[in-house]
Amino acid sequence: MNTINIEHLCYYYDKVQALDDVSLSVIEGEIHGLIGPDSAGKTTLMRILCGLMPTQEGKVSVLSLDSDDFMQIRSLIGYMPQRFSLYQDLSVAENLKFFARLFNVPAGERDKRMQDLYAFSHLEEFSGRRAGALSGGMKQKLALSCALIHRPRLLILDEPTYGVDPVSRQEFWQMLKQIQGDGTTILVSTPYMDEAELCDRVSLINGGKILESDTLTNIRSKWNRKVFSFSAPNLKQLFGVLEPLAESCQLFGNEIHIVIPNASAAQSLDIIKSRVEGIKYRYEEIESSMEDIFLSYMNPGVWRVS
Amino acid sequence: MNRRIPAIMLKEVNHILRDSRTLMIVILMPIMQLVIFGYAMNMEIRGIRIGVYDYRDSALSRELVHKFAATESFQISYPQKPIGEMNRYFYQRAFHAFLIIPADFDHTMVRQNQAEVQLIIDASDPNAATMIQNYSFAVVNMFNDAERLLPIRVKTNILYNPDLKSAYFFVPGLIAMILVMISALLTSIAISKEKELGTMEQILVSPIKAHEIIIGKVLPYILLALIDAMLVLLIGKYLFKVPFVGSFPVFLAFTMLYVIVALSLGLLISTIARSQQAAMMMAITMTMLPTMMLSGFMFPIASMPKALQLITRFVPARYYLQIIRGIMLKGNGFAQLMQPGLALILMAAVLLILAIKRFSLRLK
């Protein structure tokens with residue numbers, strides 16, 4: 001049974017189409033990554049799943065409930081919006097208690113869960129501190145804890161690690177793995193491509209369309225392309241030669257990554273070799289990273305590189 | 001058991017206690033408003049320039065003018081221009097008032113045992129005009145006593161502002177205005193603030209219902225607004241010596257009703273406004289002007305055009321003013337105040353239901 005089923009979902013803000021025929025399923029127990037650049041439609045999609053925005057066209061079911069049943073859906077899911085949305089003038093403990101009350105968690109049960117969440121987030125020593133005075137990483141941990149206080153079956157996280165330092169991001173993902181271990185399904189969006197590697201399955205979204213939805217391994221093999229890394233003292237000149245020959249040609253630090261379809265790889269390399277005669281360069285084949293795959297899918301797309 | 005309403009209430013109380021701005025609005029604003037307005041309206045006037053057209057010019061009429069001149073309040077002079085030019089004098093602010101003694105002054109006094117003089121007052125400053133009118137009455141009474149004559153009847157004809165109320169009536173009016181303004185202001189930002197901060201998105205993704213949010217937000221502010229009511233009442237009573245004849249519990253009950261109306265109005269605004277700033281502007285304009293103009297605070301409703309009279313029916317202060325003037329000055333009880341009380345109950349119910357209906361459990 002899929003936890004989320006989306007069929008042919010479209011959403012319009014007035015005349016601007018934010019979601020275009022989105023079909024997607026999230027399997028029970030998985031961490032599903034929704035990966036795409038800013039304004040790809042990630043937030044819109046998540047808000048529709050939470051019932052914050054209506055389903056205009058298409059069919060959405062969450063935990064076997066129709067999206068019109070949003071009040072019931074809301075009591076079963078946990079949601080963390082993109083922006084930090086807890087009460088900055090309330091303390092860590094007050095925020096947790098407030099959300100426990102909103103979900104009608106009995107007082108005794110609440111205290112037990114708060115202890116569990118403290119143990120897991122290491123927030124106990126800050127329990128009296130106002131949320132506004134927490135660091136970025138701790139804020140996200142608190143928001144995650146608040147979203148978990150009623151033991152949701154599905155957790156929807158909108159760019160939870162955006163703007164968080166790398167160490168805290170890593171800790172945050174460890175926490176997600178732990179939550180998954182307890183049997184909670186997680187749908188998480190991110191603009192960071194390296195985080196795709198941490199998901200069981202990912203959906204690539206751009207311009208309101210789902211480009212691909214599968215495990216990373218399957219996406220890689222379906223992609224069916226090779227990536228080569230070139231380096232040379234004069235990168236600019238090399239870039240000029242490579243760009244018209246490759247399917248995608250990007251600068252990564254002092255290397256140039258080019259993407260060539262598997263089938264024509266050998267042939268293309270020969271052509272490249274003949275064209276770049278006289279220029280000093282080195283190259284090697286590298287494993288395609290999520291970033292390469294994205295860029296070739298979404299080119300031209302504007303990316304925040306982590 | 002449903003914990004959501006108490007949860008919202010508790011959270012609001014924490015917000016209030018931790019936000020110095022709210023506390024400033026609640027405590028300092030009413031004190032300042034009442035004191036400033038109250039003193040400004042109570043200012044005494046000296047050196048009133050009064051122009052006399054004495055068409056009789058007899059010993060008796062000169063005696064009356066002399067009585068005016070003998071007080072510290074009036075400065076007498078005799079304008080040259082014909083009486084038709086009076087308006088021009090008013091425009092130039094050369095005179096505050098004119099005393100017109102008709103040619104048959106002595107004659108009617110003897111014949112009919114009473115005489116009429118006319119007093120024309122520039123009431124572009126209504127407070128000053130009230131004073132001038134009252135001082136004039138006092139002078140005429142003195143004249144009557146001194147001459148042992150039968151009373152002269154002063155027929156006042158007030159220009160520019162047809163309506164004048166005595167100072168006692170101002171304090172209840174100010175109480176009505178301050179309470180409605182502050183209450184509406186407080187709740188107007190209660191929801192727009194959460195929308196702006198993004199916290200609304202977070203609490204909406206819970207099984208909370210619209211009425212739970214609205215009621216949870218109104219309740220703590222009732223207490224706050226009642227504290228304000230006590231504050232302004234105390235200042236009115238001890239600083240401005242406004243009598244309080246009626247019963248305090250009756251006052252408290254109706255005041256609570258009135259603040260619920262105002263708080264609900266604020267919440268309704270909050271569900272409409274897109275930003276805190278817009279909400280505050282709306283709350284102030286929707287409460288201050290109608291309360292001043294259309295409640296009977298400054299101008300009596302009976303003398304308004306029919307269309308405006310109809311509009312006053314939608315101004316809560318109209319009913320509340322009737323109630324507190326009744327309680328404070330006449331000692332009215334529940335029985336006499338049923339009708340305005342019911343009007344307020346109806347308003348509170350309609351506004352609350354509208355706010356709940358307007359409140360969307362989805363994002364815009």
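**Salt bridges, an interface and a covered helix**

Good morning. A search of the whole structure finds 27 salt bridges over all chains, a salt bridge being a side-chain nitrogen of Lys or Arg within 4 Å of a carboxyl oxygen of Asp or Glu. As background, side chains of opposite charge can pair when their charged atoms come close.

Please keep in mind that this is a predicted model, in which local features need pLDDT of at least 70 and side-chain atom pairs count only at pLDDT 80 or more, while totals for chains, interfaces and linings use all residues. Residues are numbered from 1 along each chain as its sequence is written, chains are lettered from A and ligands numbered from 1 in the order in which they are written, and side-chain values use heavy atoms, with hydrogens and water left out.

Let me start with chain A. It has ten helices and 14 strands; helices (H or I, at least four residues) and strands (E, at least two) are DSSP runs, numbered from the N terminus. Its C-alpha trace spans about 75 × 45 × 35 Å along the principal axes. Of the 306 residues in chain A, 54% are buried. Here, buried means under 20% relative accessible area, exposed means over 50%, and partly exposed lies in between, with a 1.4 Å probe and protein chains only.

Which residues pair within chain A? A:Arg201 forms a salt bridge with A:Glu30, and their closest N and O atoms are 2.8 Å apart. This pair links distant parts of the chain, 171 residues apart: A:Arg201 belongs to strand E9 (residues 201–206), and A:Glu30 to the loop between strands E2 (16–27) and E3 (31–35) of chain A. Both A:Arg201 and A:Glu30 are buried. Elsewhere, a network of salt bridges links A:Glu109, A:Arg113, A:Asp116 and A:Arg151.

Turning to chain B, B:Glu194 and B:Lys217 meet in a salt bridge through their side chains, at 2.9 Å from N to O. Again the pair links distant parts of the chain, with B:Glu194 in helix H7 (residues 170–197) and B:Lys217 in helix H9 (residues 210–238) of chain B, 23 residues apart. B:Glu194 and B:Lys217 are both buried. A further salt bridge joins the side chains of B:Asp19 and B:Arg21, at 3.9 Å from N to O.

Next, the interface. In chain A, 33 residues are in contact with 29 residues of chain B, where contact means heavy atoms within 4.5 Å. The area buried between the two chains is about 2,900 Å², and carbon and sulfur atoms give 58% of it. Buried area is the accessible area (1.4 Å probe) that two parts lose on being put together, summed over both. A:Leu52, A:Tyr87 and A:Leu102 supply 21% of the area that chain A buries against chain B, more than any other three residues. Two salt bridges are counted between the chains. B:Glu201 forms a salt bridge with A:Arg47, with the closest N and O atoms 2.9 Å apart.

Finally, consider helix H3 (residues 92–102) of chain A, where nine of the eleven residues are buried. Among them are A:Phe98, A:Phe99 and A:Leu102. Their cover includes helices H4 (107–121) and H5 (136–148) of chain A, together with helices H1 (4–18) and H8 (199–204) of chain B. After H3 of chain A comes A:Asn104, with a positive phi near 55°. Thank you.
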